[in-house]
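Hi,

Here is the structure I promised to pass on to you. Please open it alongside this email, and my notes follow below.

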Amino acid sequence: MGFAVFFFVAWLITALFFVTQKKLSITENTFVFMFILVISINWTWIIYEGLKYIKITEQPMNYTAFLFFRSLIIPMLLVMQLNMIHKTKTFARSVLIAMVSIGILLLLTGLSLYFDLTKYVKWNIGYDILYFSALHLIAYYSHQIFRKITYREVSYS
């Protein structure tokens with residue numbers, strides 16, 4: 001059941017990304033997606049397999065659902081929220097979008113625990129809130145740095 005739910009969520013987020021109007025260019029979207037993907041994969045290596053704070057399921061279908069969450073849903077959701085933040089004009093609305101995005105990620109983490117994709121050993125939901133908040137800040141500021149570097153490159157040519 002976990003595989004079906006996470007497959008559907010991954011498909012839904014990807015479909016929503018392609019049908020919504022994007023404020024970021026394709027290069028910026030790709031950069032943010034790849035950067036968050038690298039961070040997410042390394043985070044799971046360190047926390048899940050290195051330090052063993054969270055245990056991952058050994059069932060192949062549930063593990064595939066975990067991979068959907070780690071490698072597709074988290075980066076795609078962050079790219080979508082960055083596009084939405086750049087559309088808004090007020091700071092309060094930007095914060096609200098980021099909080100909704102963190103809430104969705106926490107809901108999916110709860111589903112991951114419910115379907116036994118992961119099991120907390122020395123971890124709790126508070127650490128996930130900190131991780132997802134830091135991930136949002138990293139996505140935002142990495143995009144800002146990327147944008148400054150690319151605009152500087154364009155002005156010289």
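A definition to start with: helices (H or I, at least four residues) and strands (E, at least two) are DSSP runs, numbered from the N terminus. Please keep in mind that this is a predicted model.

With those labels, K23 sits in the loop that links α1 (2-19) to α2 (26-50). K23 also belongs to a positive surface patch, together with K22, K87 and K89.

Next, the backbone. Most residues other than glycine have a negative phi. K52 has a positive phi, near 55°, without being a glycine. You will find K52 in the loop between α2 and β1 (54-56). Is K52 buried or exposed? K52 counts as exposed because its relative accessibility is 56%, and the cut-off for that class is over 50%. The other residue is D116, also not a glycine, with a positive phi of about 60°. D116 is in the loop that runs between α4 (91-114) and β2 (118-120).

Finally, a residue from the helix α4 itself: L108. Its relative accessible area is 4%, so L108 is buried, the limit being under 20%. Which residues does L108 touch, leaving aside those up to four places away in sequence? They are F6, V9, F69 and I73. L108 and V5 are 103 residues apart along the chain, yet their C-alpha atoms are separated by 9.6 Å.

Conventions: Residues numbered from 1 in each chain as written. Predicted model: local features only at pLDDT ≥ 70, side-chain atom pairs only at ≥ 80, totals over all residues. Heavy atoms only, no water. Patch = residues over 30% accessible without salt bridge, like charges linked within 9 Å, V, L, I, M, F, W, Y side chains within 5 Å. Areas by Shrake-Rupley, 256 points an atom, 1.4 Å probe, with all protein chains shown as cover. Salt bridge = Lys/Arg side-chain N within 4 Å of Asp/Glu carboxyl O. Lys, Arg positive; Asp, Glu negative; His and termini not counted. Charge placed at Lys NZ, Arg CZ, Asp CG, Glu CD. Buried < 20%, exposed > 50% of the residue type's maximum accessible area, 1.4 Å probe, protein only. Contact = heavy atoms within 4.5 Å.
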